[in-house]
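Student: I have a new model on my screen and I'd like to learn how to read it. Could you walk me through some features, one at a time?

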Amino acid sequence: MLNGKKDLLGIKELTAEEIALILDLAGDMKKVVLSDDKKLGTLKGLSVVTLFYENSTRTRLSFELASKYMSASSANITASGSSVQKGESLLDTGHTIDRMGTDIIIMRHQCSGAAHFLAKNIKAGVINAGDGMNEHPTQALLDALTIKEHKGGFKGLRVAIVGDVLHSRVARSNLYLLNKMGASVILAGPSTLMPKGIETLGAEVTNDVDKAVSGADVIINLRIQLERQKSALFPTVREYSSRFGLNERRLALAAKDALVMHPGPVNRGVEMNSAVIDCDQSFIDEQVTNGVSVRMAILDLLTRGKQSAAD
Ligand code: CP
């Protein structure tokens with residue numbers, strides 16, 4: 001149990017011990033995900049609903065599969081196909097789902113703080129699947145599982161997070177998590193895509209990607225989030241790729257066993273070229289697998305009290 005919490009809203013709210021607990025359990029869940037018998041009875045009798053106001057492939061599907069692998073009743077709502085289109089508010093939508101006996105709502109929303117708001121106002125547990133430019137905690141946890149599996153831990157690691165930091169909830173969650181677990185973080189990208197004052201959260205900041213990746217143990221590249229840019233924040237995609245993209249030359253500056261990671265979806269040829277995306281050091285596919293394992297662990301830990309009631 002996560003200290004009796006009903007919600008998982010951000011890495012900011014987790015202790016290092018809670019993060020370690022999630023990662024340990026996710027390691028066990030991964031054996032189920034990779035087996036030919038993906039069925040646990042853990043969530044039997046419980047219901048899980050995904051409520052997504054923004055598009056998603058990985059997060060939504062992995063939560064849905066995680067729920068099914070653990071025997072929950074699961075259902076999905078997207079803003080585009082629901083009464084949100086008729087003007088129903090987030091609170092009324094949340095209440096409606098709550099009153100159907102839902103135990104866990106997994107929510108993605110374009111506004112920072114939306115998951116915290118809903119969690120305070122409904123009985124069901126809320127898992128933040130990405131809120132605006134604030135946090136994407138389950139992404140950071142699956143990234144952490146990938147790092148832990150291949151590096152054995154976090155202490156002393158140098159992690160470069162490169163790209164559109166300004167719009168990235170993934171960068172913020174990873175920064176919180178890596179700091180809590182003892183790694184050091186260097187953020188790199190164009191000055192126009194770097195939030196002012198981010199160094200106060202505990203990171204070195206540069207716009208020199210060569211410097212950031214030199215000697216790095218892990219490189220996490222971020223997607224350029226054109227959908228969140230109100231005006232052009234870099235001259236051309238070609239220039240971005242040349243100055244800030246990860247290519248073979250830049251990867252050679254990192255530690256020779258450095259992990260290459262990306263939360264996906266990748267803009268091939270922009271943040272990274274295909275040779276790097278598909279190289280032996282790339283763990284992007286494994287991140288996807290770990291997404292299911294981590295989400296199973298979180299669903300288990302948040303419902304421990306209810307599981308005994310359901311038995
Ligand atoms: N990494 C991530 O959140 O991907 P999706 O938008 O496909 O869920």
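Student: Let's begin with contacts. Which residues does Thr42 touch, not counting residues up to four places away in sequence?

Tutor: Contact means heavy atoms within 4.5 Å. By that rule Thr42 touches Met70, Asp300 and Gln307, leaving out residues up to four places away in sequence. Thr42 sits in the loop between helix 1 (16-33) and strand 1 (47-52); helices (H or I, at least four residues) and strands (E, at least two) are DSSP runs, numbered from the N terminus. Thr42 and Met70 are 28 residues apart in sequence, and 5.4 Å apart in space, C-alpha to C-alpha.

Student: What should I know about the model itself?

Tutor: It is predicted, so local features need pLDDT of at least 70 and side-chain atom pairs count only at pLDDT 80 or more, while totals for chains, interfaces and linings use all residues. Residues are numbered from 1 along each chain as its sequence is written, and side-chain values use heavy atoms, with hydrogens and water left out.

Student: Now the sheet. In what order do the strands of the open sheet come?

Tutor: Strands of a sheet pair through backbone hydrogen bonds, either parallel or antiparallel. Two strands count as paired if DSSP finds at least two bridges between them. Here 5 strands form an open sheet in the order 7-6-5-8-9, with parallel pairing. Strand 7 (204-206) and strand 9 are the edge strands, each pairing on one side only.

Student: How is strand 8 held between its neighbours?

Tutor: Strand 5 (residues 158-162) pairs with strand 8 in the parallel sense over 4 bridges; across that pairing, Val159 stands opposite Val218 and Ile161 opposite Ile220. Strand 8 is joined to strand 9 (residues 259-261) by 3 bridges, also running parallel, and there Val218 stands opposite Leu259.

Student: Are the faces of strand 8 covered or open?

Tutor: In a regular strand the side chains alternate between the two faces of the sheet. Buried means under 20% relative accessible area, exposed over 50%, partly exposed in between (1.4 Å probe, protein chains only). Both faces of strand 8 (residues 218-221) are covered: Val218 and Ile220 are buried on one side, Ile219 and Asn221 on the other.

Student: Which helix lies across strand 8 and strand 9?

Tutor: Axes are lines fitted to C-alpha atoms, for helices over the stretch in contact, and angles run from 0 to 180 degrees between N-to-C directions. Helix 5 (residues 137-151) lies across both strands, at about 165° to strand 9. Helix 6 packs on the sheet too, touching strand 5, strand 6 (184-188) and strand 8, and its direction makes about 170° with that of strand 5.

Student: Is Ser168 buried or exposed?

Tutor: Ser168 is buried, with a relative accessible area of 1%. You'll find Ser168 in the loop between strand 5 and helix 6, where it touches Met133, Leu222 and Gln225, not counting residues up to four places away in sequence.
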